[in-house]
Each structure stands twice: as C-alpha cells, then as structure tokens.
Amino acid sequence: MKPIALVTGATSGIGEATAHELAPKYNLIICGRRKERLEKLANTLAKSTDCHLLNFDISIQQQVDQAIDSLPESWKNIDVLINNAGNAHGLSAIHEGDIRDWEAMIDINVKGLLYISRAILPGMVDRKKGHIVNIGSVAGVEAYKNGNVYNASKFAVDAISKGMRLDLTEHGIKVSEIKPGLVQTEFSEVRFKGDTERAEKVYQGFDPLQAKDIAEIIAFIVSRPANVNIADLLVLAGDQSNATTVYRK
Ligand code: 8X3
C-alpha cells in the first residue's frame, strides 16, 4: 500500500501542483474550500492514485477537527502533511490596513496551519513516523514595505516550523519548511482582490517560479531517506535576489 499524504489548499497553485507530483507515490487526501475544484482534481488524480476529498475551511477549528475525524479508518494514518493553505490579503501600509484582511491572514496562514497540525500530529507521534512540510515564504525571511501582517504570518510559519522540529524530532517526525519567492499563481490576484491587471504586473518582465517548480522540490524533500531532512529551504526565481529585488528586462 502507498503511504498517505494530506495536502491543504489543494484547489489551486502550489497545493494542486503538489498533489499531482505526489500522486504516483502517495495516496492523497486533498483539502480545500472550493468543492467543485476539489472534485475536478480528484477526478484527474484518480487515474494515478487513490484519492480522498475533504471539503472544509481551515480557518475554522471545528471544521478542521470534524474533517479529520471523518476520515475512514484506512485513511487515518497520514504519513505526510503538506501545510500549504495560505493567502495574502491586501498590500497596505500598517495604518491603512483592513483589519478583516489581517484576520483572514492570521486565521488561515497561522491558526489554520496550527489547527490541522494539532489534529494530525498525535497520530504521527503514536506511530513514531511522519513528515510535515510547511510552506513559508521569502516574506517570512524579510519584511517588505506594506507587507506587515502577511510578513508576520509567514514569520510565524517560520517560528512554528522551528518549534515543531524541536518538539517532534525525538518522535521520529521530520519537519521541513520551504520558503518560495515569486511564484506565478492566483496569489497576487487574491492579494489584490481580483485586480488582474495589477496582479499580472507582479510577474512581468522576468521569468517567475511556477507552482510545479515548488511542487517538484516538495516531492524531492519527502522522498529523502530517513537520515536526511531538508529542514529549511529558500527558493527564489532565477531573476530574483531577495523579497523585493527582481531583475526585470
Ligand atoms: C509570496 C512571496 O514575495 O509575494 O509568499 O511575498 S511574496
């Protein structure tokens, strides 16, 4: 039997690409809020693996617990958890930020990651086996202008990853964090609330990372032998020097 991987935020971007990358070697639990997209992905994945679908909002603890509790016995022993769900909402100076945007980022990127980890980790500890891959960001390495609360949420993912590693290594569980730079996904469209023109500009004049680039690295990370843990990885676009410096032609 194949091991089981659970991917949050599987309905688009890095999460969806990761589900595709992992499908040959893992049975997949795909999670997300957008049911139609989950079903479409499950249909595609069904060609290469067994797939179980969990439709819930990761920012609501009760929904997270119910979803994990609802797993049939044969899906309960999760080997790999990909904590990918996360978004940016808005890009405003701290004195002008929309508090609802702040709450959404903290609720999804920080609290959601904690809720699902808390629900899954005791099983991994019992089985003395597991691998968690947290999707951080270059935004969790350095703050940038108007990034404030998004930066804070990704700095939190970095701190949680380091803390998880300290607490879980002795239980045979690996914790990896991957910190992507500019990846061309729906990320900027969500950040700019559907303003596609503004979103497109973010990726213009250079060759940005694609979701598949990150997904391939995640597949590599989880395929390392027991004596290797790629603990902390910053991945920038080839034309990118740091969070704010991009060489645009
Ligand atoms: C996404 C990368 O640079 O847009 O986490 O903040 S960035």
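Trainee: Is cysteine 51 buried, partly exposed or exposed?

Mentor: Good place to start! This is a predicted model, where local features need pLDDT of at least 70, side-chain atom pairs count only at pLDDT 80 or more, and totals for chains, interfaces and linings use all residues. Residues are numbered from 1 along each chain as its sequence is written, and side-chain values use heavy atoms, leaving out hydrogens and water. Buried means under 20% relative accessible area and exposed over 50%, with partly exposed in between (1.4 Å probe, protein chains only). Cysteine 51 has a relative accessible area of 24%, so the residue is partly exposed.

Trainee: And how many disulfides are there?

Mentor: A disulfide is a pair of cysteine sulfur atoms within 2.5 Å. The closest cysteine sulfur to that of cysteine 51 is in cysteine 31, 9.8 Å away, so the two are too far apart for a bond. By this rule the count is 0 disulfides.

Trainee: Over how many bridges do S5 and S6 pair?

Mentor: Look at residues 130-135 for strand S5 and 173-180 for strand S6. Asparagine 134 stands opposite glutamate 177 in S6. The two strands pair in the parallel sense, over 6 bridges.

How values were computed:
Pairing = 2+ DSSP bridges. Helix = DSSP H or I, 4+ residues; strand = E, 2+ residues; numbered from the N terminus.
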